[in-house]
Amino acid sequence: MIFTTLRYPFRAIHSIHPLKSRSMKFLSLLLAASAVLAASTMAEDLLIADFEGDTYAPWQVTGDAFGTAPARGTLPGQMNVEGFNGKGLVNSFHKGDDRTGTLTSPEFRIERQYLSFLIGGGMSEEKLALQLLVDGKAVRRATGPNDRPGGTEALAQGSWEVSEFLGKTATLRIIDEAKGGWGHINVDHIMQTDVKPKGPPPLISNAERSLSASARYLHLPIKNGAPKRLVTLLVDGKAVVRNDIELADGTPDWWAPMEVREWKGKSLALRVDKLPEDSTALGSISQSDSLKDAENLYREPLRGQFHFSPRRGWNNDPNGMVFYNGEYHLFFQHNPYGWGWGNMHWGHAVSKDMVHWEELGDKLLPDAMGPMFSGSAVVDWNNTSGFGRDGKPPLVLIYTAAGIPTVQGIAYSTDGRTFTKYDGNPVLKQITGGNRDPKVMWHGPTKQWVMVLYVGLEGKHTVHFFTSPNLRDWTLASITEGIAGTAFLFECPDFFELPVDGDASKKKWVLLGASSEYAVGTFDGTRFKAEQTKLPGHRGRGFYAPQTFSGIPEKDGRRIQVGWFQTETKGMPFNQSMTVPLELKLVSIGDGPRMTFTPVKELEALRAKTNSFEAMSLNPGDKNPLDAISAELTELRAEIEPGEASEIVFNIRDAMIIYEPKKQELSVNGQRAPAPLRDGKLRLTIYCDRTGLEVFASDGLCYLPMPFNTKPDNKRLFLETRGGAARVTSLQVHELRSAWNVK
Ligand code: FRU
């Protein structure tokens with residue numbers, strides 16, 4: 001798979017109860033009260049290894065999978081390892097999954113009936129195992145629980161009955177001969193004992209809960225990091241959708257709503273592939289018409305107040321951005337049932353102004369062709385597809401179904417609310433495995449649809465251009481290669497035409513990749529010709545996979561982009577968000593056109609109170625002009641002639657925004673970017689939300705997004721100059737209201 005655990009780190013909070021040998025022994029003594037003889041033969045547990053030392057000695061190491069010493073918990077790039085005893089354990093994720101090696105114990109005598117241990121990691125009895133060797137032969141083997149992406153890094157109790165070897169000499173060997181995903185093993189706390197260790201509760205296969213659908217949502221209990229269970233929803237006995245869900249077997253972290261209103265009155269069943277016998281997950285599912293904890297919706301402490309985020313679950317890329325019937329539509333990569341990436345659905349939200357969004361629920365659900373990966377939307381004004389009805393032009397979604405094979409499909413709607421997948425899907429077969437993210441646009445001059453599609457081909461990132469008369473039949477027109485070895489043109493291509501310096505007679509085409517790096521050039525309906533090498537897009541962090549709206553009326557004419565904003569929302573029932581809408585333009589500068597980013601003017605609707613300042617000269621050591629302001633959500637606009645200042649410093653709720661005029665460089669929390677003075681001035685716009693900043697400088701040539709969690713009790717703003725005086729020619733601080741209409 002394309003997705004490594006590094007890119008989308010999962011968390012493992014699965015609670016495992018490390019062997020409590022004393023209390024277990026007490027319990028078993030009670031149980032065996034009548035068998036006095038048996039009890040009297042029971043001896044103390046013997047610890048073989050707990051891996052608490054600074055080296056593995058007296059165990060012997062070969063290879064480099066295990067490093068030279070026991071790990072102290074989680075290793076770099078690994079999901080959270082837990083369920084081990086004490087501080088150290090054997091963890092062969094040393095330098096990742098690809099190292100191999102062995103660890104061998106000194107000889108010992110088998111003196112108890114059981115050997116118990118904690119074990120985790122990948123599953124392979126041949127390549128990833130703890131082995132018991134007697135007379136040089138492996139007589140017992142144990143391995144980890146994980147054989148596919150996701151899973152858990154929690155160690156669980158394991159044991160062997162070994163009474164047949166009592167009195168014999170044995171050794172233990174831990175082997176890691178596996179490479180790639182889950183190519184590691186974790187082991188800890190190996191003991192000899194006469195008390196049969198209690199393993200995890202047995203798993204029931206195909207556990208099921210039946211319900212009659214009576215409300216809008218079923219509420220599923222989620223524990224972040226719990227083992228992923230395959231959960232199938234059946235309607236009248238027919239499987240409708242499958243998801244991998246970290247079901248909470250006990251107290252959930254949050255409740256994920258599963259929308260079932262279209263099946264009201266029908267009989268539903270949730271079937272879970274495996275569930276611990278004592279799990280409360282299925283029993284705890286209830287139904288209602290509103291979300292659980294709805295009173296706190298959009299008031300959560302780490303909810304961006306003017307950045308879109310889903311009510312519940314994970315989001316990544318914006319998808320299907322389109323203006324249709326007077327509404328902006330934002331679809332998005334959504335995991336409705338997890339805090340991390342997975343189960344890709346297309347979530348859906350609409351807005352009249354791109355600022356106030358209403359989330360409507362998921363529209364494209366995973367199906368037999370796979371999860372629903374990124375794609376785009378178009379309004380088919382001339383009904384070339386034939387999906388229109390009663391003279392209404394259809395809204396058509398073009399998406400990737402990321403199964404095996406990975407193909408492109410379409411879905412349509414004439415009301416912008418209900419979507420039907422085309423029964424002739426796929427419209428494009430797999431080219432190579434990871435092909436994905438179709439972005440479609442109407443090309444006026446050649447009167448046809450054009451699709452750009454990411455295709456990894458022979459080790460290179462490419463964009464394939466296809467054309468179509470009707471959105472159903474696609475023909476390969478050309479292939480544009482990125483620069484081999486760089487991420488340029490990797491994933492989520494976007495392609496659009498922009499006037500240069502606002503001159504409609506001088507238009508250029510822009511081809512973008514997910515990193516927002518771009519190339520400017522020409523397009524004849526078939527082939528894109530870049531006129532310059534790749535150019536950097538945004539200059540910040542946590543910005544990815546942006547997409548621009550299609551269908552914006554010609555009289556408006558703007559090209560508006562939204563990016564996935566990778567904000568950090570630990571502890572919340574949702575994760576990640578979107579940037580504010582950004583207007584893109586091309587301006588001539590230096591050796592060619594460059595893209596600029598400007599927050600859309602619609603954001604002005606959020607201004608609740610404006611603090612305007614007279615022009616002023618600001619000297620080092622002067623009183624902070626922003627002293628009187630205390631604001632949670634801000635839009636700050638400044639124009640400054642730097643004069644003699646070596647640094648112009650804004651502190652917004654502890655985020656540091658520093659401009660160095662000599663270097664013409666901006667830094668936001670240490671992230672630096674070139675920001676040329678324009679007409680000798682620094683023009684700066686700063687948006688600050690609870691979970692991130694977006695900083696614009698140099699008339700949009702420098703756009704610097706930065707995830708940053710503010711502290712609720714710090715609402716201070718600060719401006720100072722260092723090294724000399726600067727002249728502030730214009731300064732406004734707008735205190736913003738929430739876009740969620742909550743107080
Ligand atoms: C980019 C991406 C896309 C893919 C989607 C899956 O973030 O990897 O290429 O379609 O996410 O969620």
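1. Are phenylalanine 495 and phenylalanine 528 buried or exposed? Both are buried. Keep in mind that this is a predicted model.

2. A search of the whole structure finds 30 aromatic pairs. Phenylalanine 495 and phenylalanine 528 make an edge-to-face pair, because their ring planes stand at 90°, with the centres 5.7 Å apart; planes over 60 degrees apart count as edge-to-face.

3. A stacked pair is formed by phenylalanine 696 and tyrosine 703, with 5.0 Å from centre to centre and 25° between the planes. Phenylalanine 696 and tyrosine 703 are buried. They also belong to one aromatic cluster, together with Phe306, Phe543, Phe597 and Tyr687.

4. Two charged side chains sit over rings. The charged end of lysine 292 is over the ring of tryptophan 255, 4.0 Å from its centre. For arginine 303, the ring is that of phenylalanine 574, and the distance to the centre is 3.6 Å.

5. Around the ligand there are 16 residues, and Asp317, Gln333, Arg436, Asp437 and Glu491 come nearest. The shell consists of eight nonpolar, three polar and five charged residues. At least two shell residues come from each of β19 (313-324), β23 (372-379) and β27 (436-443).

6. Oxygen atoms of the ligand lie 2.6 Å from a polar side-chain atom of glutamine 333, 2.8 Å from one of glutamate 491 and 3.1 Å from a polar backbone atom of serine 374. Taken alone, the ligand exposes 310 Å², and the protein buries 100% of that.

Key. Residues are numbered from 1 along each chain as its sequence is written. This is a predicted model: local features need pLDDT of at least 70, side-chain atom pairs count only at pLDDT 80 or more; totals for chains, interfaces and linings use all residues. Side-chain values use heavy atoms; hydrogens and water are left out. A residue is near a molecule or strand if one of its heavy atoms lies within 4 Å of it. A polar contact is a pair of N or O atoms within 3.5 Å; within protein, one must be able to donate a hydrogen and the other to accept it, and residues adjacent in sequence count only if both atoms are side-chain atoms. Accessible areas come from the Shrake-Rupley method with a 1.4 Å probe; for residues, only the protein chains shown count as cover. Helices (H or I, at least four residues) and strands (E, at least two) are DSSP runs, numbered from the N terminus. Ala, Val, Leu, Ile, Met, Phe, Trp, Tyr, Cys and Pro count as nonpolar, Asp, Glu, Lys and Arg as charged, and the others, Gly among them, as polar. Rings of Phe, Tyr and Trp (its six-membered ring) pair if their centres lie within 6.5 Å; planes under 30 degrees apart count as stacked, over 60 as edge-to-face and the rest as tilted. Buried means under 20% relative accessible area, exposed over 50%, partly exposed in between (1.4 Å probe, protein chains only). A charge sits over a ring if NZ of Lys or CZ of Arg is within 6 Å of the ring centre and within 35 degrees of the ring normal.
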